[in-house]
Amino acid sequence: MREKIVFFDLLRCVAATAVVVIHVLGPYRELIGQIPDHAWITAVSYNSFSRWAVPVFIMISGALMLTDTRPFELNYYVRRRLGKVLIPFLVWSVFYAFFSGLTPDGYQSSTAIATLANMPEHETYYHLGFFYYFLPLYLVIPFLQAWVKRADPTAVKGVTLVWMLLTALFLFYIDGPWSHQLVLYSGYLLLGYCLYRYSWPTLGWLLPLGIAALLLTDYMVLSRSFAADEYTVGRWLSYKTLNTVLIAAMVFVVCRHIADRFSEETLAKLAFVSRYSLGIYLLHPIFLWPVRAFDWYFIHPVLMIPFWTLVAGGLALLASWLLSRHRLTAWLVP
């Protein structure tokens, strides 16, 4: 139990931090040729090195929910599992629809209304897209949970390997029914389960493969962009491709490997941040708004990105903690 708590606390903390990094650096991506090459390369490399964050969140869900041995109860599942995420998502989506009308030149109510109208098909703010492919996984989880309870470990590993092959096909534009996002995202649930339940694939395999995938991803993004003289990534920064799978799996096993090496004081701090990791995810764009709206990027991105990540992430953590202290608002940051 101690390993489970420490391990997942650390994973949630690093994943939440990486998400904030991605959103802090967003404006840099389109500045190729407008800022010095070394500054642009730095910012885009931060992006390439952080794309594992969203898959890690899905893998955590797979590791925890697929290993749950309690009998499946539909009412509990809908109310305590799905509802715990779905209801805050809907409320925050409405909030951000109205927030989207805020601009440096004043409030644009027409933008807010149009954003709200498109909510069934499109996220109301850039960070909420995650939920449009995460929430459908709740339809898959009960079936995977029932299957892994009965399946031979070799079969589970085999299906996971087949899924990894499908992500390789998707990377190179070999598309088919396997390219559906529900298929490609569902595999992360099984991968998280295999890494946690079987410690497979092992660190010995994933560390070199993950590092190679990380470097190759950055090289492909940089080289393609400079060749096109514009920011272009193909599918190298997709969450559904083999390179991202290998990087996310590496982060998962490395965090597991080092989790118990931290002091008790550090573990307590990790547990606190982990408790509000979803709140950080939901709230940090509020504090990033003035940074992006008024272009408050005034020093080299090697320092600017970590600085605003710390500020926006810290303020989101504080806001999440404050909301959690009152019973009328605690459900907004589950």
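Visitor: Which is Cys 13, buried or exposed?
Guide: Cys 13 has a relative accessibility of 8%. Buried means under 20% relative accessible area, exposed over 50%, and partly exposed in between, with a 1.4 Å probe and protein chains only. At 8%, Cys 13 therefore counts as buried.

Visitor: What kind of model is this, and how are its residues numbered?
Guide: This is a predicted model, in which local features need pLDDT of at least 70 and side-chain atom pairs pLDDT 80 or more, while totals for chains, interfaces and linings use all residues. Side-chain values use heavy atoms, without hydrogens and water, and residues are numbered along each chain as its sequence is written, from 1.

Visitor: How many disulfides does the structure hold?
Guide: A disulfide is a pair of cysteine sulfur atoms within 2.5 Å. For Cys 13, the closest cysteine sulfur is in Cys 255, and 9.4 Å is too far for a bond. Cys 255, buried at 6% relative accessibility, has its closest cysteine sulfur in Cys 13. The number of disulfides in the structure is 0.

Visitor: How far apart are the end C-alpha atoms of helix α9?
Guide: Helix α9 covers residues 181-197; helices are DSSP runs (H or I, at least four residues), numbered from the N terminus. The expected span is 1.5 Å times one less than the number of residues, so the 17 residues of α9 should span 24 Å. The model agrees with that, its end C-alpha atoms being 25 Å apart.

Visitor: How many residues of α9 are buried, and which residue with a positive phi follows the helix?
Guide: α9 is mostly covered, with 13 of its 17 residues buried. After the helix comes a residue with phi near 50°, Ser 199.

Visitor: What is the distance between the C-alpha atoms of Val 311 and Phe 287?
Guide: Val 311 belongs to helix α14, residues 301-324, and counts as partly exposed because its relative accessibility is 27%. Phe 287 is 24 residues away along the chain, and the two C-alpha atoms are separated by 8.2 Å.

Visitor: Which residues are closest to the centre of the largest pocket?
Guide: The volume of the largest pocket is about 910 Å³. Its lining has 26 residues, and the elements that give two or more of them include α1 (2-24), α3 (53-65) and α4 (74-99). The closest to the centre are Arg 12, Ser 61, Leu 64, Arg 81 and Lys 84.

Notes:
On a 1 Å grid over the protein atoms alone, a cavity is a set of points where a 1.4 Å probe fits but cannot get out, and a pocket is an open set with protein on both sides within 12 Å along at least five of seven lines; lining residues have an atom within 4 Å of a point. Grid points are joined across faces, edges and corners, and a volume is the space filled by probe spheres set on the points.
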